[in-house]
Amino acid sequence: MRAYLIFALKRLLQLAVVVFAGVSAAFVVAHFSPISPIETIIGRVAGQSSFSPTAVESLRQTLTELFGYDQPLTQQYLNFWSRFVRGDLGPSLIAFPTPAMELVMRALPWTVGLLTVAIIMAWLLGNILGGLAGYYQNNRPLKAFGIVAIGIQPIPYYIIAFLLVIIFGYLWPVLPISGGFAMAVRPAWSFDFIFSVLHHAILPALSLVLAGIGTWFLGMRALVSNIVTEDYVTYAELGGVNRGTIVMGYVTRNALIPQLTALAMALGGIFSGTIITEQVFSYPGLGTLLIRAVNGGDTGLVLAVSCVSVIAVASAIFIIDLLHPLLDPRVKVG
Amino acid sequence: MSALLHVDGVSKYFAMGGLLSRTQTAAVRDANFRLEQGTPEIFTIVGESGSGKTTLARMILGLETPTEGEIRYKGNPISGLSFGAARRAFMTDVQPVFQNPFEAFNPLKRVDRYIESTAKVFRGITARADLDAAMDEALASVGLSLAEVRGRYPHELSGGQLQRAAIARALVCKPKVLIADEPVSMVDASLRMAIVNLLRTLRDDLGVSVIYITHDLATAYYISDRIMIMQKGRVVEMGAARQVLDDPQHPYSRLLKASVLSVTDAGQGNLEPARDLMEASRTALEHADASRLVEQGEGRLVRMAG
Amino acid sequence: MLTTFRDLFRYNIEFRIGVVLVSLIVIFSCLSFFSPYVPEQIYTVIPDQPPSLEHWFGTNSRGQDLFWNLTFAFRNTLVFGLIVAVLSRIISIVVGMTAGYLSGWVDRGLMFVNDIFVALPIFPILILFYFVLRNDLDTYTLALIMACLGWPFDARLIRSVGLGLRHREFTRQAIFAGMSPAKIMFEEHLPYVMPIIFSTAMANMIWSIGFEVTLGVLGFTNLNVPTIGTTLYWANNHSAMVVGTWWWVIIPVILIILTFIGLFLLAVSMNEHIDPRSRLRRMGGGNG
Amino acid sequence: MQVERDEIYGIAGESSSGKTSFIKVLAAAIRPPLRVVGGSVEYNFAGQRIDSTKASEAEIKAIRWRHLSYIMQGSMSVLNPVRRIEKTFGDFARSPLGLDCRAFRERIEEHLDHLKLPKSVLRAYPHELSGGMRQRVTIGLATVCRPEFMIADEPTTALDVVVQKDVLSLLRNVQKEMGASIVFVTHDMSVHANIADRIGIIYAGRLVEEGPTRTLFTEPKHPYTAHLVASLPVIGDTRPRPSLEGRPPSLADPPQGCRFHPRCPLAIDRCKREVPPLETVGTRHRSACWRAQEVEPLVRPEATVAGAGA
């Protein structure tokens with residue numbers, strides 16, 4: 001147990017470093033922007049509508065602090081961190097004066113929910129089918145699925161989502177292709193709302209599952225077709241061990257370990273895919289928010305989304321890493 | 001007499017684990033021995049896996065730096081010679097032969113490439129005819145010829161041929177010391193003795209000293225002049241090979257000898273493990289911290305309590 | 001290496017299909033050199049014509065011949081993918097081989113940096129770059145950024161191969177045959193890494209082109225340069241599916257999917273050839 | 001060849017001599033691309049005859065572990081790395097033994113105790129055990145159902161000498177006590193010398209000599225065997241040992257006639273043309289050599305040592 005805690009602490013340290021590096025990188029990129037954002041933004045806000053002078057002043061102050069051209073670089077950097085830790089990256093521009101962080105936090109559950117469901121479905125389904133395909137190599141339906149997987153796997157998220165929109169939006173309009181829930185339903189813990197959420201999630205989730213399942217299927221199939229030649233599998237077969245036990249306890253169990261590592265490695269990519277998919281379906285998550293922020297020139301919001309993304313992905317990888325020693329007794333904890 | 005190679009109080013500790021839970025294991029503890037100049041010999045280091053014999057060999061080759069102590073070649077310490085002329089000079093004199101002949105050469109490259117590179121770098125030969133002559137000479141001394149080896153890929157040669165080519169590769173720069181780490185353990189039985197006999201020829205005809213590292217007491221007895229037995233990083237017994245193996249003193253040496261499967265009483269099924277010796281050698285290991293090597297005359301050393 | 005390709009072509013149907021698909025796309029993009037139209041010009045032909053003998057892929061709402069326009073789009077996109085692949089291969093070979101061969105502190109340091117890059121969600125970062133650079137983000141800048149983000153998976157893979165090779169006896173044989181570390185890395189070890197480099201280069205092109213298309217569709221690149229992404233952007237912009245100019249969307253999508261499948265088949269078959277165990281995950285890893 | 005009840009039959013051969021394929025046939029573990037071209041392997045278990053080359057999957061499954069078990073090469077890789085030893089025992093032996101949970105557990109603990117293994121190994125994962133322990137566990141696994149016939153493929157090759165002797169002695173004792181037969185495959189002649197009752201020597205895919213262990217070591221009747229035996233150095237004996245030139249032939253393209261003739265010092269023209277049959281040359285001793293009667297031991301065992309051993 002103590003060894004496990006030390007292992008977890010080390011991973012936590014790694015997490016901290018990744019977050020630090022990611023957020024710092026975001027700061028640096030924003031800082032070296034050739035455009036001077038502050039007055040452009042102030043000008044646009046002030047020109048567009050009639051906000052109270054105090055709100056404008058608060059915005060100016062926030063922006064000055066965020067970009068802080070009046071201060072030395074190190075001081076700007078420290079200020080950025082202190083604001084970031086407090087979760088205060090200033091008011092957003094596109095939904096002024098709602099704080100940027102609040103918008104991000106409102107969008108985050110949608111993304112996390114969609115992502116989690118889609119990953120679990122794609123990972124489990126892909127691994128189960130891939131495992132079977134690797135073990136029963138002459139099974140025709142599984143072979144056919146393998147060919148389909150090779151066809152679908154390389155298609156990027158955007159194109160898959162786009163194809164689904166074309167199919168279900170224009171050719172056979174049975175599923176909602178836009179939004180997180182129907183306009184007419186009020187967000188509440190009601191049956192209608194939950195049904196509407198699920199209904200709207202079908203296509204985004206489907207496109208994520210389609211984009212991901214091939215990877216897991218092909219990876220698992222390759223792994224399993226190797227593991228079946230391992231001595232311990234041969235030995236178990238010679239020993240007359242049950243087929244089922246061999247498939248589950250010997251083959252699949254061992255193949256899952258590298259697949260879990262692969263999941264951790266792929267997470268950053270899947271996250272990117274999710275926010276791209278959200279944008280296509282106007283799903284109310286981080287992706288759609290990010291694109292809106294970019295189009296609206298909302299620096300604070302773009303920074304907030306980027307930083308939260310880094311933290312979210314790094315934390316998810318951290319959690320998967322923590323699971324690893326539980327699955328593989330050989331991992332040296334400590 | 002001056003020492004050719006002097007291993008002087010060498011220890012090697014490996015750090016295990018990461019930043020927070022660092023423990024040290026000793027691979028080699030306080031090893032001492034010297035090979036003299038002018039008297040080529042086969043010096044055998046015997047031990048089981050984990051005895052530190054391979055680590056010691058790697059340190060002598062300069063692939064690993066001792067944690068304590070020093071290894072001197074002709075009076076000059078060899079550590080710190082990672083690159084440059086001094087390292088090259090050392091490598092000209094001290095050459096290795098490795099365990100697995102099938103792994104000794106890159107399967108994608110021709111075998112003669114290595115022999116040629118050795119001749120070029122360590123003997124500074126550049127002319128084509130001189131290179132060929134040097135390579136052929138080295139190959140002839142192991143019972144091969146350049147014609148047999150030139151342009152061949154490793155998979156085209158047998159294990160025995162490859163191991164001999166590897167030895168020829170080492171011999172091309174006319175080394176003084178050859179370090180052979182389990183050179184026959186991966187060679188088929190019918191080809192094994194050819195290699196072992198070759199090591200003897202190298203000593204007698206070419207005046208090369210061989211540090212022969214093995215777990216096999218029988219071949220050790222067969223070819224060695226001196227022997228050093230290691231248990232978990234510690235030297236437990238050292239001396240003239242025949243003398244030590246005919247009458248081992250330390251419990252661990254005796255256990256090793258008792259565990260050798262004899263072929264002279266073939267078919268008798270004599271497999272009773274020497275339980276008392278196992279116990280004794282375990283006890284000796286437990287008290288090893290309070291023990292030291294004691295001189296027994298004629299250069300023979302035995303580890304004893306106290 | 002050449003015999004490897006020959007064997008693959010002879011025995012591996014996936015490789016054969018991949019070669020055919022990729023060759024077709026490359027030939028198609030090379031046709032751009034014979035194009036009668038200048039790609040940036042608009043309203044040179046009658047807009048919104050369906051595919052016909054005169055205009056094989058039809059014309060779009062901006063008055064461009066889609067066939068010739070797409071040849072430019074594919075050329076630009078493929079060149080982009082190739083630049084990213086080559087640059088990121090160079091980084092991953094240098095990092096991977098050095099970390100693998102030298103190991104120790106160098107390895108730990110490089111892999112630490114590597115782990116940070118692996119954990120970064122790339123899409124938000126690309127968006128951030130676009131947000132900051134705006135119109136300065138041309139194809140080459142984007143390629144450079146992508147190359148800087150696209151090496152860590154493959155560097156890790158090359159490193160693990162290098163690490164394995166380092167402990168093989170022939171490496172020590174080479175050291176004692178007087179070969180320098182650089183010679184060992186690039187003459188003794190590189191041949192083992194070449195198939196991986198080829199396979200990951202294909203996967204990397206899929207990855208980078210995927211992101212390029214995505215950024216293009218969202219309008220986050222220079223819209224005047226025809227690429228697959230900008231083609232789809234303009235199609236969306238003119239609501240092609242709603243208006244009924246379906247060929248403007250369907251044809252590029254089919255072609256790009258064929259490209260991806262071709263590249264993927266090359267990568268997969270090569271990958272299986274090296275070692276079925278060396279995972280397919282990298283290909284899905286950064287799929288965009 | 002025949003393997004009697006209650007004996008250890010050693011099979012010796014070099015790498016790629018075909019011994020692995022041979023035991024796969026014995027074990028009914030032939031899978032494509034391998035194929036049995038001809039011949040049969042007949043077992044006689046408790047009065048039932050069964051041919052492992054022809055029997056159906058179900059028939060084979062019925063005899064597995066109860067009558068026929070295996071000890072494989074490489075103790076690290078034959079145990080599932082993510083399964084505790086206890087569960088592995090359950091997978092292999094639960095259904096052949098047909099005991100309920102409690103009784104099964106007791107039976108295993110009793111068995112391990114018998115093999116002088118602590119109970120704690122049951123809770124361990126394979127990587128937590130030393131090489132010798134793992135090999136003992138696999139022996140335990142192979143013997144827990146008290147099979148009549150076992151196939152042991154290089155079971156001690158990776159072990160250190162002290163542990164090797166210990167494991168061999170354990171195997172020998174278990175075999176004696178159960179009265180089982182073992183086909184014991186290894187390339188190490190000194191292991192054969194000590195564990196086998198009879199030895200068969202395989203060269204390039206053919207059985208070239210077969211006989212009682214002692215006879216083979218003292219009066220080999222095939223030049224290959226003579227070389228194998230003579231090339232083993234002995235502590236206390238420093239006479240020069242001969243070595244054999246040449247390399248083992250490839251099985252894909254073996255030499256005509258006797259497969260050993262290119263390396264054989266006694267080869268005559270006839271050896272190049274005709275394949276020598278396996279003929280009886282002594283009590284239970286057969287050799288496939290045209291000049292079997294002329295084969296002499298290359299290094300005479302020293303009378304004193306041999307006498308002391310007898």
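Biologist: How many salt bridges does a search of the whole structure find?
Modeller: Bearing in mind that this is a predicted model, the search over all chains gives 41 salt bridges.

Biologist: Which residues of chain B are linked in a network of salt bridges?
Modeller: The network joins E116(B), K120(B), R128(B), D132(B) and R150(B). Within it, K120(B) pairs with E116(B), and their closest N and O atoms are 3.3 Å apart.

Biologist: And why are K120(B) and E116(B) separated by about one helical turn?
Modeller: Because they are four residues apart in helix α3 of chain B, which covers residues 112-123.

Biologist: Is E116(B) buried or exposed?
Modeller: E116(B) is buried, with a relative accessible area of 17%, which falls under the 20% limit for that class. K120(B), on the other hand, is partly exposed at 40%.

Biologist: What about R203(B), which residue does its side chain meet in a salt bridge?
Modeller: The partner is D204(B), at 2.8 Å from N to O, and R203(B) itself counts as buried, with 13% relative accessibility.

Biologist: Moving to chain D, how far apart are the closest N and O atoms of R273(D) and E274(D)?
Modeller: They lie 3.7 Å apart, and the pair forms a salt bridge. Here R273(D) counts as exposed, at 55% relative accessibility, while E274(D) is partly exposed at 32%.

Biologist: Changing topic, why is helix α9 of chain A largely enclosed by the rest of the structure?
Modeller: Six of the eight residues in α9, which runs over residues 231-238 of chain A, are buried, so the helix is largely enclosed. Those buried residues are Y232(A), V233(A), Y235(A), A236(A), E237(A) and L238(A).

Biologist: What do the buried residues of α9(A) pack against?
Modeller: In chain A they pack against α5 (100-135), α8 (191-227) and α10 (243-280), and in chain D against β4 (68-71), α3 (85-97) and α5 (131-143). After α9(A) comes G240(A), whose phi is positive, near 70°.

Biologist: Last one, which residues of chain A does the UniProt annotation "transmembrane region" cover?
Modeller: According to the unreviewed UniProt entry, the annotation covers residues 12-32, 107-135, 155-173, 193-218, 260-281 and 301-323 of chain A. In the model, residues 193-218 of chain A are 100% helix and 0% strand, with the end C-alpha atoms 37 Å apart, whereas residues 155-173 of chain A are 79% helix and 0% strand, with 23 Å between the end C-alpha atoms.

Methods: Residues numbered from 1 in each chain as written. Chains lettered and ligands numbered in written order. Predicted model: local features only at pLDDT ≥ 70, side-chain atom pairs only at ≥ 80, totals over all residues. Heavy atoms only, no water. UniProt positions renumbered as here; feature names shortened; annotations may be inferred. Helix = DSSP H or I, 4+ residues; strand = E, 2+ residues; numbered from the N terminus. Salt bridge = Lys/Arg side-chain N within 4 Å of Asp/Glu carboxyl O. Buried < 20%, exposed > 50% of the residue type's maximum accessible area, 1.4 Å probe, protein only. Contact = heavy atoms within 4.5 Å.
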